[in-house]
Amino acid sequence: MNNRKKILSVTILLVAVLQISFAQQNSIAINAQDAKYIINKNIYGHFAEHLGSCIYNGFYVGDTSMTIPNTNGVRNDIIAALKKLKVGTLRWPGGCFADTYHWKDGIGPKNKRPAIVNKWWGNVTEDNSFGTHDFLNMCEQIEAEPYLAGNIGSGTVQELIDWVQYVSSDNKNPMSDLRKTNGREKPWNVKLWGVGNEAWGCGGNMVPEYYVNEYRKYATFMTDWTNSDKIFRIASGSNSADYHWTETVMKNIPSNMVEGVALHHYSVIDWGAKGPSTSFNEQQYFTIMQRALFMDSLVIKHCAIMDKYDPQKKVALVVDEWGGWYDVEPGTNPGFLYQQNTMRDAMIAGVTLNIFHNHADRVRMANLAQAVNVLQSVILTNKEKMILTPTYHVMEMFNVHQNATMLPVTIKTNDYVFENKKLPAISVSASKDKDGVTHISLVNIDASKMQDITINVNGAKYSSVTGRVLTSKKLQDYNSFDNPLNIMPAVFNTAKLSANNLQVKLPPFSVVVLTLN
């Protein structure tokens, strides 16, 4: 009996050990043979609103600045950084500011432009020295597609018609003549247009049944019968999980009148108590990651509604505001939304981009809020100094996926457990570029545990693997003006390749991009 009990005990122990070992192994299958959709480069879009120091003392220091090198008032170091980032689209002038912005205030001689008060963001005086020409010329410099947000809140149909003609018409008409008078001979040919912003909120507090008629009116006059101008009109979309809004828009706007429907979702702990940007605890981190991963559920449900009315997926889901939102830095203007950017933000960026990649059939454009000095910025400035944030580095590492073919993935992941709550620890996406190179982006959100991962790429074989990693000693680490290189991508050389099988050890709270040849 004693021997039988010992054998039984040993057997139970072995089973338990095997179960633990199995549970600690994450597995990913990448199905290269099922590749179908392209990851649109415009998923890597950014957002520049007249808010805080995003434009003034951010992008724009003025063409009279003697201390900061610039081109027509735009900082040269920001131009270089954003070119390297391969920004897909840049959205402007808002945001809430867009529906109080009258574009003609921002053209012509700067000393004759009227000033207004920016009531949305800090009640500061806006002198309109940065306007349409400045923005569109800057987009040319950073090689980004401009995305203009039209004013349908306090504006008029004629005002939007005139703006479209001013920036895109090469025919003889009053608006193209005015553009030429102001120094720009050839049009910029802007294709991306937002027809209002957050119409459910600061864009007019409209109900969706009212907004769709406003949208139809504006969209009608922006182009001709057949949209021969190929304008990409984006309807003001849902606030996070407002699925009724998407249903109403898709049901009531004819598919030949809309090219994209927007969605806004921020990772926020509580709108009344957002928490600090750097001195957060693990509970706050876990909650933020819950909010970030909720993007996947949002995309799935909004896409299901869109599929009902548009099964051919002609209309894009445009997530033109996303990112982390915290309390402002102590001592700064509450209306300026200035916050630091830590490894927590790198985690948000990594999992969100993976979600967008994996839904590339419908998500074809997105804009991180915002590019400089506001919310989850990729760049922070302080007078002549400029730093790149952890979010910048994630987006630079991930931009190898731009315009590549998405490779479908299936994943079995361990849980990141905190106080009896669980989240999937691992996030992944993969793509194959035009040269046949495969890239795999991996994120481990677990705050303390390394993750062993087995990756099998079905339908492909490789001879080499290289990698880059972004991580740090603490989740709360960030790049400061005194230590701008504290967090930087590094070589990742621990991935082991055998035929089409990879073994990877992913450090806690890390982002890794693998390149397979």
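Reader: What makes up the lining of the largest pocket by class?

Author: Twelve nonpolar, seven polar and six charged residues. Ala, Val, Leu, Ile, Met, Phe, Trp, Tyr, Cys and Pro count as nonpolar, Asp, Glu, Lys and Arg as charged, and the others, Gly among them, as polar. The model is predicted, with local features needing pLDDT of at least 70 and side-chain atom pairs pLDDT 80 or more, while totals for chains, interfaces and linings use all residues. Residues are numbered from 1 along each chain as its sequence is written, and side-chain values use heavy atoms, without hydrogens and water.

Reader: How much space lies in the largest pocket, and which residues are closest to its centre?

Author: The space is about 430 Å³. Of the 25 lining residues, Glu198, Asn239, Tyr266, Trp271 and Trp325 are the closest to the centre. Strand β11 (residues 260-267) gives the most to this lining, three residues.

Reader: Why is it called a pocket and not a cavity?

Author: Because a pocket is an open set of points on a 1 Å grid, with protein on both sides within 12 Å along at least five of seven lines, whereas in a cavity a 1.4 Å probe fits but cannot get out; lining residues have an atom within 4 Å of a point.

Reader: What makes the sheet a barrel?

Author: Eight strands close in the order β2-β5-β8-β9-β10-β11-β12-β13, with parallel pairing. Neighbouring strands are turned by 30 degrees against each other on average, direction ignored.

Reader: How do you know that β2 and β13 pair?

Author: Two strands pair if DSSP finds at least two bridges between them. Two bridges join β2 (residues 45-47) to β13 (residues 363-368), so the pair meets that rule. His46 stands opposite Leu368 in β13.

Notes. Grid points are joined across faces, edges and corners, and a volume is the space filled by probe spheres set on the points. Helices (H or I, at least four residues) and strands (E, at least two) are DSSP runs, numbered from the N terminus. Axes are lines fitted to C-alpha atoms, for helices over the stretch in contact, and angles run from 0 to 180 degrees between N-to-C directions.
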